[in-house]
Amino acid sequence: MPGFKTFTPFEVLDASEMTQYFAQQAVIIKAADESVTSSTVLQADNELVMAVSANTDYFVEVFLIYSADPAADIKTDWDAPAGATFDWVADAITQSATATVDQVSRTAQSVSGTPSHGGITNNSTLLVALHKGILRVAGTAGNLTLTWAQQTSSANATFVRANSLLILTRIS
């Protein structure tokens, strides 16, 4: 995501530049389903990753579509550049949930927090987690990357689904 732009007289902007420089926003929509089977080791998502600038603050929003077997569930985390802080909430159905309408966790997390989200019925039931928070990048630029895995190892795959959405809005 580029920094603030200095405009020149009579400069013509295209639609993507309007979004970047006026809304100061960048968006990624996941194009394909991604799965993990029999692994509790956090792995970087193939698509939900975005470059962030040094000495910049962002509001992060994620519409995370996932499915998981209730015996496996899913855990999520974020990798950020060295020195960055990320105060966020998972806003997802709890690990102990037994139905698609159940308790939701809104416990504050840090960049190293790894909350679990419940899987319901089977790994084809679609669920949504609405991660959001404030990312404060210190002097080192880099990437903000969603990492995830099964909470409990299972031969039934856990998925992060296509059309999951990552939005970063620059706030300072």
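I started with pairing: two strands pair if DSSP finds at least two bridges between them. Helices (H or I, at least four residues) and strands (E, at least two) are DSSP runs, numbered from the N terminus.

A note on ground rules. This is a predicted model, where local features need pLDDT of at least 70, side-chain atom pairs count only at pLDDT 80 or more, and totals for chains, interfaces and linings use all residues. Residues are numbered from 1 along each chain as its sequence is written, and side-chain values use heavy atoms, with hydrogens and water left out.

**Entry 1: the whole chain**

I counted one helix and 15 strands in the protein chain. Of its 172 residues, 44% are buried (under 20% relative accessible area; exposed is over 50%, partly exposed in between, with a 1.4 Å probe and protein chains only). I also looked at contacts (heavy atoms within 4.5 Å). Among those with a separation of 6 or more, 79% join residues 24 or more positions apart. The chain exposes about 8100 Å², and carbon and sulfur atoms supply 54% of that. Areas come from the Shrake-Rupley method with a 1.4 Å probe; for residues, only the protein chains shown count as cover.

**Entry 2: a four-stranded sheet**

In what order do the strands of the open four-stranded sheet run? I read S3-S13-S5-S10, with antiparallel pairing. Strand S3 (43-52) and strand S10 (116-117) are the edges, each pairing on one side only.

I went through the pairs next. S3 and S13 run antiparallel and are joined by six bridges; here glutamine 43 has tryptophan 148 in S13 as its bridge partner. S5 and S13 are also antiparallel, with five bridges, and aspartate 77 stands opposite threonine 147 in S13. Strand S5 (residues 74-79) pairs with S10 over two bridges, again antiparallel. At that end, isoleucine 74 faces histidine 117 in S10.

Why does strand S13 count as largely enclosed? It spans residues 142-149, and six of its eight residues are buried, so the rest of the structure largely encloses it.

**Entry 3: aromatic rings**

I found three aromatic pairs in the structure. Rings of Phe, Tyr and Trp (its six-membered ring) pair if their centres lie within 6.5 Å; planes under 30 degrees apart count as stacked, over 60 as edge-to-face and the rest as tilted.

Tryptophan 78 and tryptophan 88 have ring centres 6.5 Å apart and planes at 85 degrees, so I logged the pair as edge-to-face. Tryptophan 78 sits in strand S5 and tryptophan 88 in strand S6 (residues 85-89), so this pair ties together parts ten residues apart in sequence. Phenylalanine 86 and tryptophan 88 are stacked instead, at 6.0 Å centre to centre with 15 degrees between the planes. Trp78, Phe86 and Trp88 form one aromatic cluster.

**Entry 4: a surface patch**

Phe7, Met18 and Phe22 make a nonpolar surface patch of about 310 Å². Patch residues have over 30% relative accessible area and no salt bridge; like charges are joined within 9 Å, and nonpolar side chains (Val, Leu, Ile, Met, Phe, Trp, Tyr) within 5 Å. A salt bridge is a side-chain nitrogen of Lys or Arg within 4 Å of a carboxyl oxygen of Asp or Glu. Phenylalanine 22 lies in helix H1 (residues 15-23), and its 53% relative accessibility is why I noted phenylalanine 22 as exposed.
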